[in-house]
Amino acid sequence: MTALLASQAAMRSHFPGFVVALLIAVTAQFLSEHYGAPAMLMALLLGLALNFLAEDGSATAPGIAMTARTVLRFGVALLGARISVEMLAQLGPQLITLVVGGVLATIAFGFVLGKITGRDWRFSLLTAGSVAICGASAAMAIAAILPRHDRAERDLSFTVLSVTVLSTIAMVLYPMLSAQLGFDARAGGVFLGGTIHDVAQVVGAGFSIGPETGETATLVKLIRVSMLAPVVLGASLIIRASGAHNGTEGKRPPILPGFVLGFLALAALNSFGLIPSVVAEAANVVSRWALLTAIAAVGVKTSLAKVLSVGTGAIATIVAQTVFIGAFVLIGLRFLG
């Protein structure tokens, strides 16, 4: 009985903040549909403008914190319903190797660049992982397993803002670059899906060229998304084994984060054909709304002044990572013919 009452009290304390984040997400989606602005970017910017709602003692602070953490992990887990072994097989071993190699090489490049520029390893993993895998979604998933520190929210907001802006620029420029390079529909799809950060922008860029390019680009992008679970799991194990969490805020990371386990379980069920297409599509919609609501909450938790304090070096870092993955995929496509 006591546990039930405590649970009800927690729900009541979390409800106002969750509703605020959800309303921001709905507003961001409205702006996206009517004015063409990326929904993730709008949710983050609107959230930043309402930072006062996350101040200690406010009625919305507990729910904002819960949404930025729990709803985020739920949304990432549901991404697994889009992944299957059959999907991976459609691309062929050479192109799969190119895409996976691009992800791993970009993360490695991020760490090397971080060492050269004196950036914290957490910032390097966060930015390089988001560039390499799937933009804002990857940034939020990686942030969930990093040891907590006083710049965590600032770094996450900066990364989401940066990869979303860069994805939008790439959505406009990369189709023109693909045409200039003389890529056919398949090669163009691989280039777009292998280099643009966010799924929505990949779809927009690919189908702006044609249906075959759009389908190939989406498939390649989903292969990059499938790398989210092994990268997050691997990073979590390394952080735990190295003791990198010691001396920081927060608890020791679990061996297998629950949201990664959910991602893998859904991917396995989908691979065996146990998830009907209508359920997979519903999971995709719920996942998108969960992530949009979570990034709105992250925005509310973050001070705009702190985001702007990240410096031009951080901007140069994430741009360099973006250029690196683009060059890697282009060279790979030329090599494969």
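**Why these labels? A chat about the model**

Author: The largest pocket has 29 lining residues, and Met 40, Val 199, Ala 200, Gln 201 and Arg 288 are the ones nearest its centre. This is a predicted model, where local features need pLDDT of at least 70, side-chain atom pairs count only at pLDDT 80 or more, and totals for chains, interfaces and linings use all residues. Residues are numbered from 1 along each chain as its sequence is written, and side-chain values use heavy atoms, leaving out hydrogens and water.

Reader: What makes something a pocket, or a residue part of its lining?

Author: On a 1 Å grid over the protein atoms alone, a pocket is an open set of points with protein on both sides within 12 Å along at least five of seven lines, and lining residues have an atom within 4 Å of a point. Helix H14 (277-301) is one of the contributors, and H14 gives the largest share of the lining, eight residues.

Reader: Why is Gln 321 called buried?

Author: Buried means under 20% relative accessible area, exposed over 50%, and partly exposed in between (1.4 Å probe, protein chains only). Gln 321 has 0% relative accessibility, so it counts as buried. Gln 321 sits in helix H16 (residues 312-336). Beyond neighbours within four places in sequence, its contacts (heavy atoms within 4.5 Å) include Thr 106, Phe 109 and Val 131.

Reader: And why is Met 176 called partly exposed?

Author: Its relative accessible area is 48%, so Met 176 falls in the partly exposed class. Met 176 belongs to helix H8 (residues 152-180).

Methods. Helix = DSSP H or I, 4+ residues; strand = E, 2+ residues; numbered from the N terminus. 1 Å grid on protein atoms, 1.4 Å probe; cavity = no way out; pocket = protein on both sides within 12 Å on 5 of 7 lines; lining within 4 Å.
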